[in-house]
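Please work through each task with the sequence and the structure at hand.

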Amino acid sequence: MMKFLPPRTRKVRVLATLGPASSSPEMIEKLFLAGADAFRINMSHGDQQSKIPLFKAIRDLEMKLGRPTTILADLQGPKLRVGKFADGRVKLEKGATFTLDRDSAPGDENRVQLPHPEIFAAIEDDARLLLDDGKMVLRVTGHGEDTITTRVEVGGTLSNAKGLNVPDVVLPMAALTEKDRSDLGFALDQGADWIALSFVQRPEDIAEARKLIEGRAALLAKIEKPSAVARLVEIVEQCDGVMVARGDLGVELPPQSVPPLQKQIVETARRMGRPVIVATQMLESMIQSPSPTRAEVSDVATAVYDGADAIMLSAESAAGDWPEEAVAMMDSIAAAVERDPAHGERVHFTVTRPDPTTADALAEAAKNIAGTVSARAIICFTSSGSTARRIARERPSVPIMVLTPKKETARRLGLLWGVHAVYTKDVASFEEMVAKSKRMALRHKIADAGDGVVLCAGVPFGTPGSTNVLHVVRLLGTELKDYEG
């Protein structure tokens, strides 16, 4: 009989970005064993061919360890940049006038090309233009079809092709560039489970990506622009999950506004039953140091206390000197927070009222019954994953074991709070469901002899979205022997 890895003891998931420091199959396995539940492949860096070994290594590891493993492909999105300078760089003085235009001639201290016609079409007087990750700030004083005149509010040295952010207006630009469309098709062909969409400004951006994906992967919206925050509920309704992209939010908004927004985004996603990832600079010092700062530990802990589904490592695991240690640290912080007796109360600060449906009512009841009868786990059968998402939204105090006949569903559930997904054959009857649940609970060491578990499923079996059964059973501990005998 195949041995199964026991489920993680913590409920929040750890998402690790792969890169130069973590591209070998050996290191990817080390990251998984250190606590990584899912892997992010950043399509911004390197070409598509360089990503193929990463997908293969993760799928090989999945086969080796017998656990569905989640891959998130993160699309780059449009990159706004200024043109080039005659001397490679210029000094922008505070109070000076600086012009952005459509002339391709090399720039100087008075002007530079802006090769993005969409900005000229949408810009407004008094809007801000942020340069080089917000290090320099320009204020628009006038604009025409081919020129934008600005006053330098925060000066500095500006060099060739530095990035530009336009936080105060919605740009008439699609979230998907030609590169993104190509990368999206590639990622789907390689079997990505989630697609992360950058540069989301409005719900229509989600609709366009979803049309291209055609159900082959789940869609995650990165909330990184003020315009996305302004239409947050509409965007969350359209997507399968969200990411709090704090790095870009912190460029386009004052840094002090990011923590309240983080809480708002997490709360909105949780209330609407979408998994939410908190990302960027969580253990930044561990890029170079084997241990984090106390402030970083507190930052990670806050996301766990807020009930985020997943916490993400970026450069720490992709390009840092201590990728395995960074994952292990994330794992240990999350585990320590979840051991705190106050954690259970804190994650329920967000009120998640069930929708008036049978499935939602049963998901809430499953959580309450598990607490009342001191069950060891909630076990649900699902083909689409919707039952698991509903139960996870309730943040029960016990693990959620999900049994599904669809490998794709099992993989997509890897970003969901508290879920241990198992790919297994479907069941055909109520009695078979009960028997299989007991065996799987024992086999995966999620419960033991004498323990109670709460079962949640839909009858007739194999019908998506038909959750209508809640059942409490107690394990004898002999179910596996009886089955094999």
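**Exercise 1: The second largest cavity**

Task: Describe the lining of the second largest cavity by residue, element and residue class.

Solution. The lining consists of Ala 269, Arg 270, Gly 273, Arg 274, Pro 275, Asp 309, Arg 389, Ala 392, Arg 393, Arg 395 and Leu 416. A cavity is a set of points, on a 1 Å grid over the protein atoms alone, where a 1.4 Å probe fits but cannot get out, and lining residues have an atom within 4 Å of a point. The model is predicted: local features need pLDDT of at least 70, side-chain atom pairs count only at pLDDT 80 or more, and totals for chains, interfaces and linings use all residues. Residues are numbered from 1 along each chain as its sequence is written, and side-chain values use heavy atoms, with hydrogens and water left out.

Next, assign the elements, where helices are DSSP runs (H or I, at least four residues) numbered from the N terminus. Helix H9 (258-271) and H15 each supply at least two lining residues, and H15 has the largest share, 3 residues.

Finally, sort by class: 4 are nonpolar, 1 is polar and 6 are charged. Here Ala, Val, Leu, Ile, Met, Phe, Trp, Tyr, Cys and Pro count as nonpolar, Asp, Glu, Lys and Arg as charged, and the others, Gly among them, as polar. The volume of this cavity is about 60 Å³, taken as the space filled by probe spheres set on the points, which are joined across faces, edges and corners.

**Exercise 2: The second largest pocket**

Solution. Of its 30 lining residues, Asp 240, Arg 274, Ser 384, Ser 386 and Arg 389 are the closest to the centre. H15 gives the most to this lining, with 4 residues. By class, the lining holds 10 nonpolar, 7 polar and 13 charged residues.

**Exercise 3: Burial of a serine**

Task: Is Ser 227 buried or exposed?

Solution. First, locate Ser 227 in helix H6 (residues 226-230). Its relative accessibility is 13%, so Ser 227 counts as buried (under 20% relative accessible area with a 1.4 Å probe, protein chains only; exposed is over 50%). Beyond residues up to four places away in sequence, Ser 227 touches Val 170 and Gln 201 (heavy atoms within 4.5 Å).

Note on methods. 1 Å grid on protein atoms, 1.4 Å probe; cavity = no way out; pocket = protein on both sides within 12 Å on 5 of 7 lines; lining within 4 Å.
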